[in-house]
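Hi,

Here is the structure I promised to pass on. Have a look at it first, and then read my notes below.

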Amino acid sequence: MVEGRPIKRYIHNWMYSDITYIANSDFTKAMLESVGIEPTAVIPHGVNMEKVKSIEKMEDAGKSLVRSKFGVRESETVVFGVIASSHRRKGMDMFAEVVKKVTEADDRACFYILTPPEVLPFFSGIKNVYVNTGFGGSPNAISRKETLMLLSGFDFLIQPSLAESFCLPVLEAMAFGKPVIHLDYNPLSSLTTDDASIRVPVTSSEFVDTGEGIEYLMHFYDVNEFAEAILKAVDLYLNDENSYRKMCEKAKKRASEMDSNKIYKKLLKFLG
């Protein structure tokens with residue numbers, strides 16, 4: 001998987017002929033093709049729906065775990081979850097500006113952010129924000145099960161990333177029936193559906209070289225438009241339960257189409 005265009009000077013001749021490439025999205029396929037690498041197939045990531053069902057039995061515990069950080073009743077607030085690393089392409093510094101605008105405009109919006117410790121300063125002093133620094137390889141990293149429990153307890157997932165090749169948390173959130181707020185670019189927009197997401201317009205895109213052997217295709221947005229999308233979600237959740245429930249149902253339906261027990265069978269023929 002690649003979140004942009006591989007830099008050609010790092011591609012050796014043997015990489016063109018001795019490797020079978022399986023792209024995780026049409027976006028990844030296009031980026032590889034742009035430098036002369038031809039993937040054999042596109043097989044997206046899947047989500048284990050059986051695992052999701054086992055976590056859903058503890059959904060009340062997930063909600064309690066999330067909402068205990070804010071001390072408010074469910075009928076009075078909306079909890080937006082964010083799961084992101086500290087990598088530049090995740091855009092967490094820019095997203096902090098969005099969160100500040102939202103919480104200043106509507107005190108009913110709360111943000112639970114799972115991320116590494118180095119992201120914490122971006123959100124310092126912003127109200128209604130809880131930052132769990134137990135992401136991934138952090139010294140205090142939480143377990144996979146705990147991460148899924150958090151997803152089950154969010155009302156919406158926000159994916160503020162500026163560059164993605166797929167984005168598994170988006171698929172996992174939908175598996176729990178959680179609508180997603182994200183920038184309107186592929187592969188995110190092809191992963192979700194119009195009726196299971198709220199999409200933020202992209203104002204510009206550019207390839208950015210961060211010195212990692214890849215030029216990330218970064219997508220940028222207007223902070224005010226992103227804030228407006230979240231405020232729209234607050235109103236939807238608190239004032240239009242029927243529409244919110246329909247979004248949840250559509251999200252789960254979309255995720256069920258990508259059950260790993262079905263998706264990964266396609267890989268078997270490439271395993272010799």
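P187 sits in the loop that runs between strand 8 (180–183) and helix 8 (188–191); helices (H or I, at least four residues) and strands (E, at least two) are DSSP runs, numbered from the N terminus. The peptide bond joining N186 and P187 is cis, with omega at about 20°.

Before going further, please note that this is a predicted model, in which local features need pLDDT of at least 70, side-chain atom pairs count only at pLDDT 80 or more, and totals for chains, interfaces and linings use all residues. Residues are numbered from 1 along each chain as its sequence is written, and side-chain values use heavy atoms, leaving out hydrogens and water.

Two other loops hold a non-glycine residue with positive phi. C167, in the loop between strand 7 (156–159) and helix 7 (168–175), has a phi of about 95°. N128 has phi near 60° and belongs to the loop between strand 5 (109–114) and strand 6 (129–132). Are these residues buried or exposed? C167 counts as buried because its relative accessibility is 5%, while N128 is partly exposed at 21% (buried means under 20% relative accessible area, exposed over 50%, partly exposed in between, with a 1.4 Å probe and protein chains only).

S85 is another loop residue, placed between strand 4 (78–83) and helix 5 (92–105). With 18% relative accessibility, S85 is buried. A polar atom of its side chain lies 3.2 Å from the backbone nitrogen of H87. Leaving aside residues up to four places away in sequence, S85 touches K90, M92, T115, P116, V119 and F135 (contact means heavy atoms within 4.5 Å).

Now for the chain as a whole. Its secondary structure comes to eleven helices and eleven strands. The radius of gyration is 19 Å, close to the 19 Å that the globule rule gives for 272 residues, so the chain is as compact as a globular protein of that length (taken over C-alpha atoms; the rule is 2.2 Å times the number of residues to the power 0.38). Along the principal axes, the C-alpha atoms fill a box of roughly 60 × 35 × 35 Å. Of the 272 residues, 52% are buried. Among contacts with a separation of 6 or more, 65% are between residues 24 or more positions apart.

Note on methods:
A polar contact is a pair of N or O atoms within 3.5 Å; within protein, one must be able to donate a hydrogen and the other to accept it, and residues adjacent in sequence count only if both atoms are side-chain atoms.
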